[in-house]
Amino acid sequence: MRNAILARCLSTNSSSGPLSGVKVVDMSRILAAPFATQNLADLGADVIKVERLGVGDDTRTWGPPFITPSLSNYFASCNRNKRSIAVNYTTPRGREVVTRLAEMSDVFVENGRPGTLTKHKLDYPSLKEVNPRLIYASLSGYGQTGPDKSAYDLTIAAEGGLMGITGPEGGQPVKVGVAITDICAGLYLLSSVSAALFDRERNGGHGTFLDISMYRVQLGCLVNIASNYLNSGVVGKPRGSSHPSIVPYQGFTTSDGFIVVAANNDQQFWELSEAVGWPWLASNPMFSTNELRVENRAALIGHLNERFEEEATEYWVKLSEGYSFSISPVNSVKEAFEGPGSEGMVVDEGGVRMVAHPVRWQGEDPAGYRAPPELGQHTREVLGELGYSDGQVLDMERDGVVQ
């Protein structure tokens, strides 16, 4: 009976993507984990989003702006290509629904505080008993053994050192323009799940438990700033758009806007000096190597500020073409979506415009797109796949178990 249901489940919502045939239970909300599961869905996995009755994912109400009265832009940004069921898993029958889903699935993703699902027997030890092949991914602020407290992108970015190195020099700490800590945590979850699926095929079909801590992710994402501290005792600080170890590598004001300039080595700096018409910069002993340019940063940046303010942004961008250094404009979001490199990056499904999956497989977009689901849009469909009769579904709807 179970095998028959499994076959029926896997044949439903078929996809031609590289993860076609992989079924994912998504009990996550907000951004980090939903971003990861959206990527799994983009790549062909059948992602079933389990939401709370009546309210669903918190981000459904995060607006304005809204696309429709019941669909926020925030929710739409990380929940496309999923099916939604609304289940009260705190009830015995609701817990049975989620357990059945887990039994038939490859991956289970949740991002509650550690221990939240244990009392409902939806933790890894409980679900492993019904599905030893299950890959269980738990994303939380501080992991299974860290502090037991709420965590969000903002708070982890602050505690994890990111805000301590972001913003103008000498100014107040600044939050990055998007929830980059959430995004990085989601990408770590995505890569770990992908690796676990591959490993399962080599280890005899055994599942595993993945503990993704946003705090640990943030420390990992400090990369060179972390290495500077750990190996040289240099504590990072806010530097505006500049780089602690490369000069020039920062933003400059032009006569009509802003640019960023990246000259990563001595050859590129020599080319930059020639291109801007001041070759004496490269021949100046104070600036002849990157190490010296870092030591004499203030003097060099002062000269470059003076030069770049003399011409318009477009002039400098065109001037850099053909050289190994790079000059780019600081674009608005509107300009970014209209700029070169944005081709094919906007899709429209059901009147919802979305950013396309950014990776191309053999030159093709691997994703087929479906608009983000309404709350409980697929509850009856999924319950039918799990073997529930129409009468049983109606009873659960009447009793407030599902929606």
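View 1. The structure holds zero disulfides, a disulfide being a pair of cysteine sulfur atoms within 2.5 Å. This is a predicted model, so local features need pLDDT of at least 70 and side-chain atom pairs count only at pLDDT 80 or more, while totals for chains, interfaces and linings use all residues. Residues are numbered from 1 along each chain as its sequence is written, and side-chain values use heavy atoms, with hydrogens and water left out. Take Cys-78 to begin with: its sulfur sits 15 Å from the closest cysteine sulfur, that of Cys-184, which is too far for a bond. Cys-78 is also buried, at 0% relative accessible area; buried here means under 20%, exposed means over 50%, and partly exposed is in between (1.4 Å probe, protein chains only). Cys-221 has Cys-184 as its closest cysteine too, with 3.8 Å between the sulfurs, but that is still too far for a bond. At 28% relative accessibility, Cys-221 counts as partly exposed.

**View 2. The six-stranded parallel sheet.** Here six strands make an open sheet, ordered S5-S2-S1-S6-S7-S8, with parallel pairing. Strands (E, at least two residues) and helices (H or I, at least four) are DSSP runs numbered from the N terminus, and two strands pair if DSSP finds at least two bridges between them. The edges belong to S5 and S8; each has a single partner strand, so one side of each has no neighbour in the sheet. From one strand to the next, the twist averages 20°. At the S8 end, six bridges join S7 to S8, and Tyr-136 has Phe-209 in S8 as its bridge partner.

View 3. S5 spans residues 82-86, and five of its five residues are buried, so the rest of the structure largely encloses it. Both faces are covered: Lys-82, Ser-84 and Ala-86 are buried on one side, Arg-83 and Ile-85 on the other. Strand S2 (residues 46-51) runs parallel to S5 and is joined to it by five bridges. Look for Val-50, which stands opposite Ile-85.

**View 4. Helix H4 and the threonine in it.** H4 lies across S1, S2, S5 and S6, running at about 165° to S2 (axes are lines fitted to C-alpha atoms, for helices over the stretch in contact, and angles run from 0 to 180 degrees between N-to-C directions). Thr-99 belongs to this helix, which covers residues 92-103, and is buried at 19% relative accessible area. A polar atom of the Thr-99 side chain lies 2.8 Å from the backbone oxygen of Arg-95. Leaving aside neighbours within four places in sequence, Thr-99 is in contact (heavy atoms within 4.5 Å) with Leu-122, Leu-127 and Val-130.

View 5. Zoom in on Leu-40: not counting residues up to four places away in sequence, Leu-40 touches Leu-19, Val-24, Ala-45, Val-47, Leu-190 and Val-193.

**View 6. The three-stranded antiparallel sheet.** Three strands form an open sheet in the order S9-S10-S11, with antiparallel pairing. S9 (249-253) and S11 (326-329) are the edge strands, each with a single partner, so one side of each is left without a neighbour in the sheet. The twist averages 25° from one strand to the next. Five bridges join S9 to S10 (residues 258-262), and Gly-251 stands opposite Val-260. Helix H13 (residues 297-308) packs on this sheet, touching S9, S10 and S11, with its direction at about 40° to that of S9.

**View 7. Helix H10 from start to finish.** At the start of H10, a side-chain oxygen of Asn-265 reaches to within 3.2 Å of the backbone nitrogen of Gln-267. The buried residues of H10 (residues 266-275) are Gln-268, Phe-269, Glu-271, Leu-272, Ser-273 and Ala-275. Their cover includes S10, H11, H12, H13, H14 and S11. After H10 comes Gly-277, with a positive phi near 85°.

Note on methods:
Polar contact = N/O pair within 3.5 Å; in protein donor to acceptor, adjacent residues only side chain to side chain.
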